[in-house]
Amino acid sequence: MPDLPLTLYRAAWVLPVCAAPIRDGAVLVGTDGRIAAVGPRLAIEPPEGVVIEELGPVALMPGLVNVHAHPELAMYRGALEDLNFRDWILRLVGSKRAALTEADFHAAARWTMVEAVRSGITTLAATESSGASAAVLCESGLRGVVYQEVFGPDPAQADESIAGLRAAVDGLRAYECDRVMIGVSPHAPYTVSDALFSATADFALAEGLPMAVHASESRIEQMLVQAGEGDFAPGLRARGIDTPPRGRTTVEMLDRLGVLRARPLLIHCVLLDADDIRRVADTGSAVAHCPVANARLGHGLAPYPEMIEANVRVGLGTDSVGSNNRLDLLEEARIASILHRARVARPDVLSPADLLKLVTIDGARALGLDGTIGTLEPGKAADLCAVSLAAPHVQPVHDPLAAVFHAARGCDVVMTVVDGRVLYRDGQLSTLDPAGLEPLLADAARRLREVMT
Ligand SMILES: [Zn+2]
């Protein structure tokens with residue numbers, strides 16, 4: 001990486017996460033893209049040759065970590081409204097196959113990265129079948145993990161599916177770097193056989209690949225796992241695939257199949273019981289909590305306070321815009337807080353200080369990146385975002401944390417920095433061009449509508 005200018009960012013508030021908010025704070029970013037100093041502005045003497053950036057009335061904090069998204073699916077925003085889950089999945093999978101091309105997935109991944117950068121997201125965990133996000137993470141300058149999906153509900157397909165997964169991962173390895181990790185994702189219990197789950201876990205462990213699985217998301221998934229019944233069962237049986245009971249719960253099934261040995265990121269975990277939470281905690285597995293998507297699809301609310309009580313690593317994810325419609329982690333955090341307070345009828349659950357951790361260091365921990373990012377402290381990568389506190393809907397500011405998490409929105413982000421490199425500042429993107437992408441996304445959306453009507 002070329003040397004960056006030594007830069008001193010000064011802000012009305014600095015939120016280090018690992019320390020209390022600093023009024024009139026400053027962050028010094030070295031030429032290596034790492035944080036060199038954090039403190040009150042008066043305590044950080046500007047070194048010789050430094051570029052001083054006066055950011056004014058903003059909260060400067062670590063970049064946001066979105067632990068679950070599907071960047072290749074940006075064209076699905078608003079396309080799958082109000083459907084039951086089986087129809088939602090079938091329409092998504094069918095239309096994707098019938099109408100979309102690799103070029104569409106690349107355009108969608110770029111579009112998602114534009115949204116991410118504009119809303120302060122600096123690390124994005126992408127779960128997808130095309131792998132498009134690997135190239136786009138590289139070109140955009142964002143940090144992320146690309147979990148290559150693998151499918152195959154028929155146990156007889158397992159060898160073929162694993163061969164395809166190996167080839168796809170080999171292809172994506174060209175994009176691996178300090179910022180971009182490649183992983184694997186056996187999609188979900190209703191699309192992956194026991195044999196394929198076990199084989200993917202063996203592959204991930206042998207190759208040292210991170211792994212993500214959609215797990216315990218819906219009642220119909222649970223009915224399939226517990227009893228081989230429910231909305232998913234007839235379709236599988238019509239394809240000649242047996243649907244025997246596979247476990248008391250999805251988490252118990254994944255444990256039995258050896259999947260939890262790979263300490264996967266378990267996406268959703270809406271229907272975990274106490275035994276499941278213990279298994280997730282004991283194996284050191286992590287959870288991607290996606291409260292908006294889970295609520296919008298009518299699945300419910302994951303037991304976040306209980307998971308935290310058990311010391312489970314939990315990060316926050318938006319999921320795809322086909323289920324959430326927004327890729328706004330500040331909004332996701334606010335809604336998480338509101339939903340959990342409503343569920344347990346307590347006003348002290350998920351305080352703004354908790355939300356700050358959830359979208360930064362907790363997300364980093366869930367992805368195994370907490371040694372590199374997630375807090376503002378010397379030696380860590382300079383992944384930053386600045387949230388403006390100036391807008392009428394944010395003022396007045398009594399407490400910067402409450403202002404950021406309960407008044408501001410993703411569109412109030414005015415600067416996004418990864419590894420010390422400015423990717424977004426005051427409406428200007430430095431690495432991505434949304435104007436060229438708009439017609440491509442619109443065309444993909446038009447073809448989707450044609451096959452879905
Ligand atoms: Zn998902």
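User: How many salt bridges are counted between domain 1 and domain 2?

Analyst: In this predicted model, the count between domain 1 and domain 2 is two salt bridges.

User: What makes the pair Arg143 and Asp383 a salt bridge?

Analyst: The closest N and O atoms of Arg143 and Asp383 are 2.8 Å apart. The cut-off for a side-chain nitrogen of Arg and a carboxyl oxygen of Asp is 4 Å, so the pair qualifies.

User: Which residues make up domain 1 and domain 2?

Analyst: The domain assignment gives domain 1 as 7-62 + 383-429 and domain 2 as 64-366. Taken over C-alpha atoms, the centres of domain 1 and domain 2 are separated by 31 Å.

User: How do you know that domain 1 and domain 2 are in contact?

Analyst: Contact requires heavy atoms within 4.5 Å. On that criterion, 25 residues of domain 1 are in contact with 27 residues of domain 2. The area buried between the two domains is about 2200 Å², and carbon and sulfur atoms give 69% of it. Within domain 1, the residues that lose the most area to domain 2 are Val17, Phe405 and His406, together 31% of what that side buries.

User: Which residues coordinate the zinc ion, and through which atoms?

Analyst: The zinc ion is coordinated by NE2 of His68, His70 and His214 and by OD of Asp319, at 2.0 to 2.6 Å.

User: Why is the site of the zinc ion called irregular?

Analyst: The angles among its four donor atoms run from 84 to 169°. A tetrahedral site needs all angles between 85 and 135 degrees, so this range rules that class out. The site of the zinc ion is accordingly classed as irregular.

User: What is the spacing of the donor residues in sequence?

Analyst: The donor residues follow the pattern H-x1-H-x143-H-x104-D. His214 lies in strand S10 (residues 212-215), whereas Asp319 is in the loop between strand S13 (313-316) and helix H12 (329-344), so the pair ties together parts that are 105 residues apart in sequence.

User: Why are His214 and Asp319 called buried?

Analyst: Buried means under 20% relative accessible area. His214 has 4% relative accessibility and therefore counts as buried. Asp319, with a relative accessible area of 5%, is therefore buried as well.

User: What makes Asp362 buried, and where is it found?

Analyst: Asp362 is found in helix H14 (residues 361-366). Its relative accessible area is 13%, and the limit for buried is under 20%; Asp362 is therefore buried. Not counting residues up to four places away in sequence, Asp362 touches Tyr304, Val314, Gly315 and Lys357.

How values were computed. Residues numbered from 1 in each chain as written. Predicted model: local features only at pLDDT ≥ 70, side-chain atom pairs only at ≥ 80, totals over all residues. Heavy atoms only, no water. Donors = N, O, S within 2.8 Å, 3.2 Å for Na, K, Ca; no water. Tetrahedral: all angles 85-135°; square planar, octahedral: opposite > 155°, others 65-115°. Helix = DSSP H or I, 4+ residues; strand = E, 2+ residues; numbered from the N terminus. Buried < 20%, exposed > 50% of the residue type's maximum accessible area, 1.4 Å probe, protein only. Domains from an automatic or database assignment. Buried area = accessible area lost by both parts, 1.4 Å probe.
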